[in-house]
Amino acid sequence: MNEFDVIVAGAGHAGCEAALAAARTGLKCALFTLSLDAVANMPCNPSVGGSGKGHLVFEIDALGGEMGRLADRATIQSRTLNTSKGAAVRSKRVQTDRRLYSAMMKETLEREPNLRLIQSEVTALLTDRAAGEVRVVGVTAEPGGDFFAKAVILSTGTYLGGLTHIGEVRREEGPDKTANAPRLTASLREAGISVLRFKTGTPPRIHRRSIDFSALGEQEGEAFITPFSYRTDPEALNGIEQVKCHVAYTNEETHRIIRENMDRSPLFSGKIRGTGPRYCPSIEDKVRRFAERTRHQLFVEPMGRNTEEIYLQGFSSSLPADVQYKMLRSIRGFEEAEIMRYAYAIEYDLCDPAELSPTLEFKAIRGLFGAGQFNGTSGYEEAAAQGVLAGINASLSVRGGEMIVLPRYSSYIGTMIDDLVTKGITEPYRIMTSRSEFRLLLRQDNARFRLLEYGRRGGLIDDERYAATKRDERRSRDETERLRHVNFGPARINPLLESKGETPVSSGISADEVIKRPGVTFEDVVPLDPESGRIPRALRDHIETEIKYEGYIKRQFDEANRQKKAEDAVLPADIDYSSIRGLRIEAAQKLGKVRPATIGMASRISGVNPADVSVLMIWLAARGKAGNGARREDDDGKDD
């Protein structure tokens with residue numbers, strides 16, 4: 001009754017994806033949560049996606065995860081960010097109905113035949129030392145007692161040692177006034193896991209009736225919605241009625257109120273010990289850090305279709321309730337604002353991700369994996385992305401398969417995990433497109449092609465989906481080639497070129513050369529070439545990008561191949577770096593702590609310079625490791 005293949009502690013976005021991934025490979029799984037009513041909760045912003053984050057959601061779906069499908073079903077507004085910029089940085093973001101998303105995820109978990117959902121607090125790890133190594137063998141939960149498993153995934157979110165702050169009011173609790181998990185931390189320390197302390201926060205929720213929307217700017221949804229998930233019917237998604245979002249601004253009076261009450265903020269009074277996210281600071285932190293600015297933009301976002309709660313993105317705070325009212329009512333459109341939920345900051349415990357391998361397994365404890373905010377990230381998308389990979393790898397470890405490592409050039413998931421395990425963290429980590437050196441390869445439109453083979457190896461992509469994706473990949477290549485041989489004469493193409501502000505031609509021009517023009521899109525060519533109109537909209541966007549950026553994509557692909565050589569050079573796990581002649585003392589210490597799996601990982605560790613990497617490569621070559629059984633078989637997910 002209490003024996004499983006995989007146990008997952010925490011049913012936030014990481015835990016849900018991890019449990020589903022493992023269970024869908026046929027393993028018997030248990031998912032523990034402090035409250036069944038908080039499964040896949042969205043305690044912060046009611047949205048999925050965003051800059052860089054949207055890429056993660058497409059990649060989660062490509063691996064066989066669930067977030068994209070449910071986000072599509074819970075969408076109330078969709079927008080694509082950075083449309084005025086290049087295709088590499090365009091990111092999808094949707095407003096979601098947070099309660100609907102949570103309910104659908106809970107139902108999905110409950111209907112999974114290999115998964116048992118249990119409301120109980122995990123209070124301790126159970127480990128066993130045998131043959132010179134420590135291995136996890138289960139957990140203790142209250143109520144319930146001991147539960148045994150071959151692999152355990154920790155995805156505790158902000159609940160582990162959770163402590164909330166609203167001014168002087170401090171409570172030991174999780175987000176949204178739920179219970180926290182105060183006892184597991186001691187067990188982690190006893191197991192030798194380093195425990196860090198971070199902080200995050202959330203803004204107040206406002207009653208819709210108290211907002212003067214006529215004083216605010218409007219944000220409409222986009223005309224055509226591209227689904228996150230391959231499994232979503234685009235026509236059904238585009239049939240929804242999108243809600244409006246709005247924009248507001250703080251002002252000098254708002255900032256004066258905040259400055260006069262700064263001493264009442266636990267963030268600056270010393271009561272909050274945890275480090276907060278640099279890229280999502282509280283409003284008082286923004287006012288302090290950017291003292292020269294007279295206003296800050298705020299986004300006014302509905303929490304769902306069947307609630308009057310409005311989320312005020314950009315107004316996160318830990319100031320007392322009375323100050324929250326004063327600064328809120330100083331904002332135009334919020335003069336009569338009614339707060340339904342006060343803003344708060346929350347501190348929580350987490351691990352040092354440098355103690356993890358790129359598979360998300362702890363180096364020192366076999367069978368123990370980490371995922372989500374427990375690994376030092378912020379955001380639902382970062383959590384879910386780690387969850388699906390942790391679930392896949394936990395399953396592979398139990399089944400005796402080779403675990404998956406996603407290289408940086410394969411995905412934003414790979415980039416994020418590489419950053420976490422090689423560089424460590426000093427603050428909550430957030431994915432951004434700028435974190436990748438291969439942005440043009442790692443676009444949203446090609447995610448399912450890039451990661452198909454990895455999802456297949458992980459056991460989450462069935463034969464039908466695999467064949468359909470391969471078919472679309474071939475169709476995309478064939479259409480790109482066909483467009484090279486479709487020619488337009490000047491009389492036919494010049495009206496289009498001139499209408500787009502492009503230079504007319506004096507002789508024939510191929511369709512792909514027309515699409516390469518900056519002002520022309522694939523959609524513009526369809527009326528002139530009916531055959532291209534048979535291509536689905538999502539594939540058209542992919543083909544257009546491949547054509548427009550062909551030269552740049554090739555150069556970046558060549559660079560990815562160069563990095564792949566370094567990633568394929570595996571470093572033995574038992575190296576005594578202090579004994580390698582020519583290696584600097586600092587580099588040897590850093591390498592000994594992180595224990596990089598490959599030369600590529602070693603090159604990205606802070607404190608390891610190119611000369612140190614050269615020493616390692618010479619040392620490796622001298623021992624006959626490179627190219628002789630020391631190469632990693634994880635390159636079959638690359639984008640062709």
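Me: Is Arg341 buried, exposed or partly exposed?
Reply: This is a predicted model, in which local features need pLDDT of at least 70, side-chain atom pairs count only at pLDDT 80 or more, and totals for chains, interfaces and linings use all residues. Residues are numbered from 1 along each chain as its sequence is written, and side-chain values use heavy atoms, with hydrogens and water left out. Buried means under 20% relative accessible area, exposed over 50%, and partly exposed in between (1.4 Å probe, protein chains only). Because its relative accessibility is 26%, Arg341 counts as partly exposed.

Me: Which residue does the side chain of Arg341 meet in a salt bridge?
Reply: A salt bridge is a side-chain nitrogen of Lys or Arg within 4 Å of a carboxyl oxygen of Asp or Glu. For Arg341 the N to O distance is 2.7 Å, and the partner is Glu309. The pair links distant parts of the chain, 32 residues apart, with Arg341 in strand β19 (residues 339-341) and the partner in strand β18 (residues 309-313). Strands (E, at least two residues) and helices (H or I, at least four) are DSSP runs, numbered from the N terminus.

Me: How many salt bridges does the structure hold?
Reply: One of them joins Arg456 and Asp463, at 2.8 Å from N to O. Here Arg456 is partly exposed, with a relative accessible area of 31%, whereas Asp463 is exposed at 54%. Salt bridges that share partners also join Arg24, Asp61, Glu66, Arg69, Glu112, Arg231 and Arg465 into one network. The number of salt bridges in the structure is 64.

Me: What is the N to O distance in the salt bridge between Glu59 and Arg450?
Reply: Glu59 is buried because its relative accessibility is 0%. Arg450 is also buried, with a relative accessible area of 1%. The side chains of Glu59 and Arg450 meet at an N to O distance of 2.9 Å.

Me: How many residues apart along the chain are Thr202 and Leu312?
Reply: Thr202 has its place in strand β13 (residues 195-202), and it is buried, at 2% relative accessibility. Contact means heavy atoms within 4.5 Å; leaving aside neighbours within four places in sequence, Thr202 is in contact with Pro43, Cys44, Tyr311, Ser316, Ser317, Ala343 and Tyr344. The C-alpha atoms of Thr202 and Leu312 are separated by 9.1 Å, while the two residues are apart along the chain by 110 residues.

Me: In which helix is Met416 found?
Reply: Met416 counts as buried because its relative accessibility is 0%. Beyond its neighbours within four places in sequence, Met416 is in contact with Thr377, Glu382, Ala385, Gln386, Tyr429 and Ile431. Its C-alpha atom is separated by 31 Å from that of Arg205, 211 residues apart along the chain. Met416 is found in residues 412-423, helix α12.

Me: Which residues gather in a patch of positive charge on the surface?
Reply: Patches are made of residues with over 30% relative accessible area and no salt bridge, where like charges are joined within 9 Å and nonpolar side chains (Val, Leu, Ile, Met, Phe, Trp, Tyr) within 5 Å. One of the members, Lys271, is partly exposed at 35% relative accessible area and has its place in the loop between α8 (266-269) and α9 (283-289). The residues of this positive patch are Arg170, Arg189, Lys271 and Arg273.

Me: What is phi of Arg595 near, in degrees?
Reply: Arg595 lies in the loop between α21 (585-594) and α22 (599-603). Because its relative accessibility is 34%, Arg595 counts as partly exposed. Phi has a positive value in this residue, which is other than glycine, and is near 50 degrees.

Technical notes. Accessible areas come from the Shrake-Rupley method with a 1.4 Å probe; for residues, only the protein chains shown count as cover. Lys and Arg count as positive and Asp and Glu as negative; His and the chain ends are not counted. The place of a charge is taken as NZ of Lys, CZ of Arg, CG of Asp or CD of Glu.
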